[in-house]
Amino acid sequence: MRITGRRVLIIGIVVLVVAGGVIGGLVATSGTGPEFPAADSYAHGRLSADSGPFLTDSDGRVVFLRGTNAVYKRAPYELYADPGKPWNFTAADAKRMAKLGFNVVRLGVIWEGIEPGTLGPNSPAICTPGKPGNPHQFNAAVADAYLAKVKKTVDLLGRYHIYTLLDMHEDVYSTEFGGEGAPPWAVCTDSYPIGTLPGRWSNTYNDPGLRTAVQHFWENDVVGDLQGEYDHVWQTVAHYFSGNPWIAGYDPINEPFTRDLTETSAPPGSPLVAGHLECFFTGTAHPGLSFFRGTVLSCPPDDPAKGLIRTIKGADPHHLVFFEPDIFSSRGKHNDVGPMDLSGLVFNFHDYCGLRSGVTGDPTDVDACAAQELKTMERRSEERPDIASAKQPAGPAWFMSEFGATTSEALMERLTANADELELGWTYWSWKYYDDPTGSSDEALVTATGALAPTATSLSRAYPQAVAGTPVSFSFDPKSAVFHLLYVPKTQVKAPTVVFVPVAVHYPKGYCAHVTGGTIISKPNATHLVIANQPTASQVTVSIKPVTCNGSSV
């Protein structure tokens with residue numbers, strides 16, 4: 001039903017149009033309404049990041065991705081439908097995500113799950129110093145079986161119009177150190193013992209054995225060709241998903257850690273730190289530039305010539321690469337990764353506060369945490385255009401792929417409002433706890449009983465999922481449930497603007513939407529407000545507020 005009336009009141013099944021004429025856009029509704037709009041209204045197709053902060057879909061609309069992380073860090077190192085198992089991921093999960101307004105999941109894949117190999121740690125066949133070569137640990141049948149299950153989850157999410165960001169997840173490098181990531185055969189500690197340090201899992205980053213193992217990875221100085229094999233695994237993943245329309249892109253490595261980050265000899269802006277990570281991305285044949293100095297980086301000589309990002313793009317030229325700075329950038333430290341002359345890049349960062357419980361993850365000082373995490377967002381916003389290249393002259397797009405891990409509604413309300421103000425997409429950590437060996441007890445959005453944590457109210461927000469133009473600003477106040485959007489329409493974009501409206505969470509008695517410069521074409525009280533631009537409009541404004549059945553504000 002399309003209504004362009006000045007005011008429409010829906011009471012039961014009786015529709016009353018208030019006298020006084022009709023002007024496009026003010027609609028008051030009640031009842032439950034449809035769950036989803038027509039499929040062609042959603043953001044769909046391959047996402048692009050040509051230049052500047054925004055992602056766009058196949059219709060040229062600016063797309064905002066909002067969602068959650070879902071990572072299973074124990075064997076079998078993936079989530080898929082498997083009733084009765086702790087890694088079971090079902091249509092009920094996907095549907096619940098969609099109802100919260102999530103349109104992306106950062107889905108974990110683990111190197112050990114794809115390439116478990118047959119050798120153990122410190123094997124001479126892998127860890128002997130020398131020219132890197134084939135470690136003979138890859139089994140195509142094992143990798144294919146693993147990825148077939150990942151695909152089922154990607155396709156399931158796609159049926160609910162949810163994109164997947166595939167994340168090669170690792171924490172403290174490997175299961176050998178109490179984490180997840182590298183298979184045992186890729187652990188080379190020289191003479192240091194393998195184990196964990198007491199206390200919180202992250203303490204093990206200080207373990208000499210772990211620091212030696214990660215240094216061998218970054219230097220790629222053993223005969224097992226650790227980086228080359230990591231690239232090979234990513235090549236396999238990217239080729240497997242190259243034609244999948246519901247892949248948003250690839251996150252090459254989670255929170256990369258190198259020993260040089262903790263060395264006093266590596267000051268802020270150190271080309272040594274940048275060289276390990278950036279050369280890993282770009283390869284020795286095409287080294288990138290130092291972020292701080294603008295000079296060409298000196299790469300470890302045995303790093304692969306092609307580099308990880310070009311390897312991914314060679315296997316899949318269609319999807320985006322969401323590259324991350326180092327692990328300490330999540331606490332507000334500067335970004336070390338400089339300009340990389342590659343297309344389709346997204347500057348991808350994490351944002352956590354240092355003032356929080358090491359057990360629960362909850363803030364010990366909400367105000368201090370909110371200020372620190374906002375500062376990190378603002379710093380990334382300032383850094384983003386400074387890593388521009390000829391391929392992305394206005395800088396890469398940007399995305400916050402981890403934040404949260406808390407039951408603090410107050411903190412989540414403030415951070416999500418900050419993200420709105422900065423027009424920033426995000427994925428909350430995390431959907432479920434999944435007996436997380438490297439997480440915090442209060443990180444889950446879905447509790448052990450199956451109930452939603454209180455933070456769901458803060459995360460389920462009205463926001464523009466697809467904008468037929470250039471966004472200027474948008475905001476949502478969860479207390480008043482008032483939403484505003486302003487954008488400049490693009491005449492060449494023919495698909496409509498789509499705003500997710502969290503009816504079940506914030507508008508149980510319905511909502512009133514007012515649009516200038518556009519026409520509402522969705523049904524009353526739809527969870528997705530769909531707006532067609534008016535041909536002559538120079539700007540479009542959208543506002544939403546809650547109403548009762550008699551049309552008054554609540």
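This is a tour of selected places in the structure, in the order in which to select them.

The model is predicted, so local features need pLDDT of at least 70 and side-chain atom pairs count only at pLDDT 80 or more, while totals for chains, interfaces and linings use all residues. Residues are numbered from 1 along each chain as its sequence is written, and side-chain values use heavy atoms, with hydrogens and water left out.

**Helices 5 and 6**

Select residues 208–219, which are helix 5, and residues 226–241, which are helix 6. Helices (H or I, at least four residues) and strands (E, at least two) are DSSP runs, numbered from the N terminus. The two helices pack at an angle of about 75 degrees, and their axes are 6 Å apart. Helix 5 is therefore roughly perpendicular to helix 6. Axes here are lines fitted to C-alpha atoms, for helices over the stretch in contact, and angles run from 0 to 180 degrees between N-to-C directions. Angles under 35 degrees count as roughly parallel, over 145 as roughly antiparallel, 65 to 115 as roughly perpendicular and the rest as oblique.

Now show the side chains of His 216, Phe 217 and Trp 218 on helix 5, and of Leu 226, Gln 227 and Tyr 230 on helix 6; these residues make the contact (heavy atoms within 4.5 Å). By class, 4 are nonpolar, 2 polar and none charged. Ala, Val, Leu, Ile, Met, Phe, Trp, Tyr, Cys and Pro count as nonpolar, Asp, Glu, Lys and Arg as charged, and the others, Gly among them, as polar.

Between helix 5 and helix 6, select Asn 220 in the loop. Its phi is near 50 degrees, a positive value in a residue other than glycine.

**Cavities**

On a 1 Å grid over the protein atoms alone, a cavity is a set of points where a 1.4 Å probe fits but cannot get out; a pocket is an open set with protein on both sides within 12 Å along at least five of seven lines; lining residues have an atom within 4 Å of a point. Grid points are joined across faces, edges and corners, and a volume is the space filled by probe spheres set on the points.

There are 7 cavities of 30 Å³ or more. To find it, select Glu 170, Tyr 173, Phe 217, Tyr 230 and Ile 253, the closest to its centre of the 15 lining residues. Helix 5 gives the most to this lining, with 3 residues. The lining of the largest cavity has 12 nonpolar, 2 polar and 1 charged residues.

For the second largest cavity, of about 90 Å³, select Tyr 42, Asn 103, His 161, Gln 465 and His 528, which lie nearest its centre among 13 lining residues.

**The largest pocket**

Next select Arg 200, Trp 201, Ser 202, Arg 331 and Arg 356, nearest the centre of the largest pocket, which is lined by 29 residues. The pocket holds about 570 Å³ of space. Its lining divides into 8 nonpolar, 12 polar and 9 charged residues.

**Two cis peptide bonds**

Go to Ala 75 and Pro 76, where the peptide bond is cis, with omega near 15 degrees. Pro 76 lies in the loop between strand 6 (66–70) and helix 1 (91–100). Then select Trp 429 and Ser 430, also joined by a cis peptide bond, with omega about 10 degrees. Ser 430 is in the loop between strand 13 (426–428) and helix 11 (455–459).
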